[in-house]
Amino acid sequence: MVGLHWMVRMKRWAQNPPSWGRVKFVFAIVFACILLYAYEYFYGWPDFLSVNNNGRVRAPKL
């Protein structure tokens, strides 16, 4: 009954819509995610953010 739960949430959201500030905040987050995706798509993943383990997994030394 997951669908029923979401229908109740949508009903509550329609009765008490979020403030304009919260709507702008959510759109800003979505826009930032789209920008990050577009940057990664066109320019690729930066090398300094990649982990170089050469395919080997090593146990930590104790």
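**A note on this predicted model**

1. Leu 4, Trp 6, Met 7, Val 8 and Met 10 make a nonpolar patch of about 520 Å². Leu 4 sits in helix 1, which covers residues 2-15. Please keep in mind that the model is a predicted one.

2. Now for the chain as a whole. The protein chain has two helices and zero strands. Of its 62 residues, 0% count as buried. Its accessible surface comes to about 6700 Å², and carbon and sulfur atoms account for 67% of that area.

3. After helix 2 comes Gly 44, which has a positive phi, near 90°.

4. Next, the rings. How many aromatic pairs does a search of the whole structure find? The search finds three. In one of them, Tyr 37 and Tyr 41 have ring centres 6.2 Å apart and planes at 25°; the pair counts as stacked because planes under 30 degrees apart fall in that class. Are they buried or exposed? Tyr 37 and Tyr 41 are both exposed.

5. Another pair joins Tyr 39 and Tyr 43, with 5.0 Å from centre to centre and 40° between the planes, and this pair is tilted. Tyr 39 and Tyr 43 are separated by about one helical turn because they are four residues apart in helix 2. Tyr 39 has a relative accessible area of 47%, so this residue is partly exposed: the value lies between the cut-offs of 20% and 50%. Tyr 43, at 65% relative accessibility, is over the 50% cut-off and therefore counts as exposed.

6. One last item on the aromatics: which residues do ring pairs link into a cluster? The cluster consists of Tyr 37, Tyr 41 and Phe 42.

Terms used. Residues are numbered from 1 along each chain as its sequence is written. This is a predicted model: local features need pLDDT of at least 70, side-chain atom pairs count only at pLDDT 80 or more; totals for chains, interfaces and linings use all residues. Side-chain values use heavy atoms; hydrogens and water are left out. Rings of Phe, Tyr and Trp (its six-membered ring) pair if their centres lie within 6.5 Å; planes under 30 degrees apart count as stacked, over 60 as edge-to-face and the rest as tilted. Buried means under 20% relative accessible area, exposed over 50%, partly exposed in between (1.4 Å probe, protein chains only). Accessible areas come from the Shrake-Rupley method with a 1.4 Å probe; for residues, only the protein chains shown count as cover. Patches are made of residues with over 30% relative accessible area and no salt bridge: like charges are joined within 9 Å, nonpolar side chains (Val, Leu, Ile, Met, Phe, Trp, Tyr) within 5 Å. A salt bridge is a side-chain nitrogen of Lys or Arg within 4 Å of a carboxyl oxygen of Asp or Glu.
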